[in-house]
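Dear colleague,

My notes on what was found follow it.

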Amino acid sequence: MLQPYRDQFNANFTPAKYTDLVTRLTRLTRTTIEFRVAETPCFFPQSLLKELAETGATLTHRLLDNPAYLHASNQTIPDQYRVPNDNPQPNFMTVDFGLVRNPDGTLSPKLVELQAFPSIFGYQDLLAHQYIDTFNLDPNLNCYLADISEQGYWRLLNEIIVGDHDPENVVLLEIDPDHQKTLPDFHVYEDKLHIATVDIAKLRKQGNRLFYKREGREIPIHRIYNRAIVDELERKNIQLPFDYRDPVDVEWAGHPNWYFRISKFSLPFLNHPSVPKAVFLDDWFAQRNIESLPDQRERLLLKPLYSFAGKGIQFAPTDEDLNAIPAADRHLYLLQERVTFEPTIHTPHGPTQAEIRIMYLWPDGEALKPVIALVRLGRGLMMGVDHNRDKQWVGSSAALTSPW
């Protein structure tokens, strides 16, 4: 933690200021924030955030520079969701870390998961600045992970999401967006980038073009900022007006194929001090590559590869749990070493764990850039904001540090 900011914040906190924070966020995002906003930002040393950003970049490049991994991960894309016109690198990366205590008392990062899919870049920028403004924090505190300004941050987002197109021809594509908890994030892009948020089920396909309707006009789509998750399409049995395999004349900001290529699937391929041991469930049943896993079941997690917000995770899975998964589906699950994260954030409700998501932008043909961090605070088994509803000083937070 970065002092004296932590102690000063706790001493000066009032419930009225927190209410003001949520009120401001509601007004600025033009909607109710359905997930829990933490009472506090997190004040981290610059050295820690740099270490996390560098570790995440190292892991990402180990995957993309490994032809065997790329070949294996390419096979994970379901045929019905294999989109043409792939790009050579993901435009968005997120890498989640927890902190563990070493025997010598120091802290080290441990990977939770990584995903080549956009996170809430818009809302997270807004949240960080509202913490500073609402609680009258030091204006020199910084939320960015590189030597960029707020203007530079949005310039990068505009370059990747809008490109050289008229914003009217660029859409944020989601499943029933008005009922997603991430709707506040969508509204920030609408206001900052002037793009439309569109329900994927309401597109219209004509020839090799896609269209959306606004104020009675049918507008051609030239570029898609993709936020639709295949797992949700399947669960909700969404009937689409186009086929993902169609060679439609459109660009993707965040090509859908990368959602499968870099995901929890990558964990068994990574050998790095920050990465917990993991094997595919079908390998576990075949007794392959399991020697590195702990023998005790209470030290294991069972995870589905393609789900968000902790859906489907089981702690200390039993034989009955594992055998309940059909043999044909076992390659879609991981058995992973369970890591105990250190509570490092001192709050009036006791020490709290922080899961830190490093968020990267990757413009076509350029270098991977760490830009901002999202933090989730929790005191339960699960860190997601959905799992900490009955607690205080937990939930969605931001990482602040001294200027870079």
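**The second largest pocket**

The lining of the second largest pocket consists of 25 residues, and P78, F260, L305, Y306 and L332 are those that lie nearest its centre. Helix 8 (230-235), helix 9 (257-261) and helix 10 (281-285) are the elements that give two or more residues to this lining. Helix 8 contributes the most, with four residues. By type, the lining residues of the second largest pocket divide into 13 nonpolar, six polar and six charged. The space in this pocket comes to about 520 Å³.

**Basis and terms**

The model is predicted, and local features need pLDDT of at least 70, side-chain atom pairs count only at pLDDT 80 or more, and totals for chains, interfaces and linings use all residues. Residues are numbered from 1 along each chain as its sequence is written, and side-chain values use heavy atoms, with hydrogens and water left out.

A pocket is an open set of points on a 1 Å grid over the protein atoms alone, where a 1.4 Å probe fits, with protein on both sides within 12 Å along at least five of seven lines; its lining residues have an atom within 4 Å of a point. Grid points are joined across faces, edges and corners, and a volume is the space filled by probe spheres set on the points. Ala, Val, Leu, Ile, Met, Phe, Trp, Tyr, Cys and Pro count as nonpolar, Asp, Glu, Lys and Arg as charged, and the others, Gly among them, as polar. Helices (H or I, at least four residues) and strands (E, at least two) are DSSP runs, numbered from the N terminus.

**Nonpolar cores**

A nonpolar core is a set of buried Ala, Val, Leu, Ile, Met, Phe, Trp, Tyr and Cys residues joined through side-chain atoms within 4.5 Å. Buried means under 20% relative accessible area, exposed over 50%, and partly exposed in between (1.4 Å probe, protein chains only).

The largest nonpolar core has 117 residues, of which F44, F121 and I161 touch the most other members. Residues up to four places away in sequence aside, F44 touches L2, L49, I345, A354, I356, V375, A399, L400 and T401, where contact means heavy atoms within 4.5 Å. A second, separate core has 10 residues, including V279, W284, I290 and L335.

Two strands are taken to pair if DSSP finds at least two bridges between them. Strand 2 (residues 92-101) pairs with strand 3 in the antiparallel sense over eight bridges, and L99 stands opposite P109 in strand 3. Five residues lie between the strands in this hairpin, where G105 takes a positive phi near 95°. Strand 3 (residues 107-115) is largely enclosed by the rest of the structure, because seven of its nine residues are buried.

Strand 2 also pairs antiparallel with strand 16, over six bridges; here F92 has L361 as its bridge partner. In strand 16 (residues 350-361), 10 of the 12 residues are buried, and the strand is mostly covered. Strand 15 (residues 345-347) runs antiparallel to strand 16 and is joined to it by three bridges. These two strands form a hairpin with two residues between them, and H346 stands opposite P351.

A128 belongs to helix 5 (residues 121-134) and is buried at 2% relative accessibility. Apart from neighbours within four places in sequence, A128 is in contact with C143, A398 and L400. V22, in helix 2 (residues 15-29), is partly exposed, with a relative accessible area of 25%.

**Backbone points to check**

Most residues other than glycine have a negative phi, and most peptide bonds are trans. The peptide bond from Q3 to P4 is cis, with omega near 10°; P4 is placed in the segment before helix 1 (5-12). N85 has a positive phi near 60° and lies in the loop between helix 4 (67-74) and strand 2. W393 has a positive phi near 55° and is found in the loop between strand 17 and strand 18 (395-400). N85 counts as exposed, at 55% relative accessibility, whereas W393 is buried, with a relative accessible area of 3%.

With kind regards
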